[in-house]
Amino acid sequence: MAHSLSAKKRVRQNAKSNQINRARKSVVKTQVKRFEEALKGGDVSVAEQEYVLVTKKLDKMASTSTMHKNTASRTKSRLAKRLNSFKAKMA
C-alpha cells in the first residue's frame, strides 16, 4: 500500500489511465472485427470503408501513449495486405 501522498496520487492516475487505455483498445479491436466481417461478407467497398475507419482509429491511438506508433503501423500494414489480397481474389 502506498504511504506518501505522491505515491497515492500515482495509484489514482494509473487506475484512471488504465481505464482510458482499455476503452481505447476495445474500440480498436471492435473496429478490426468489423473489418474482418466485411472481408468475410465479400463486399470490397464495405471492406475498404472499414479499413479507412480502422486506420483512423489506429492513428488516433498511436498519437497518444496507448499504443506505440510502430505497433499501429504494423497493424495497418497487415490489414492492408489482407485487403489487397482480398481485392486481387475478387477481381
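Helices α1 and α3 cross in a left-handed manner, meaning that the near helix is turned anticlockwise from the far one by less than a right angle. The contact (heavy atoms within 4.5 Å) is made by Val32, Phe35, Glu36 and Leu39 of α1 together with Leu79, Arg82, Leu83 and Phe86 of α3. Six of these contact residues are nonpolar, none is polar and two are charged; here Ala, Val, Leu, Ile, Met, Phe, Trp, Tyr, Cys and Pro count as nonpolar, Asp, Glu, Lys and Arg as charged, and the others, Gly among them, as polar. The model is predicted, with local features needing pLDDT of at least 70 and side-chain atom pairs pLDDT 80 or more, while totals for chains, interfaces and linings use all residues. Residues are numbered from 1 along each chain as its sequence is written, and side-chain values use heavy atoms, leaving out hydrogens and water.

Now to the packing geometry. The axes of α1 and α3 (residues 69-90) lie 11 Å apart, at an angle of about 15 degrees, where axes are lines fitted to C-alpha atoms over the stretch in contact and angles run from 0 to 180 degrees between N-to-C directions.

Phe35 also takes part in the one aromatic pair of the structure. Its partner is Tyr51, and the pair is tilted, at 6.0 Å centre to centre and 50 degrees between the planes; rings pair if their centres lie within 6.5 Å, and planes under 30 degrees apart count as stacked, over 60 as edge-to-face and the rest as tilted. Phe35 is buried (under 20% relative accessible area), at 0% relative accessibility. Tyr51 is buried too, with 18%.

Notes
Buried < 20%, exposed > 50% of the residue type's maximum accessible area, 1.4 Å probe, protein only. Helix = DSSP H or I, 4+ residues; strand = E, 2+ residues; numbered from the N terminus.
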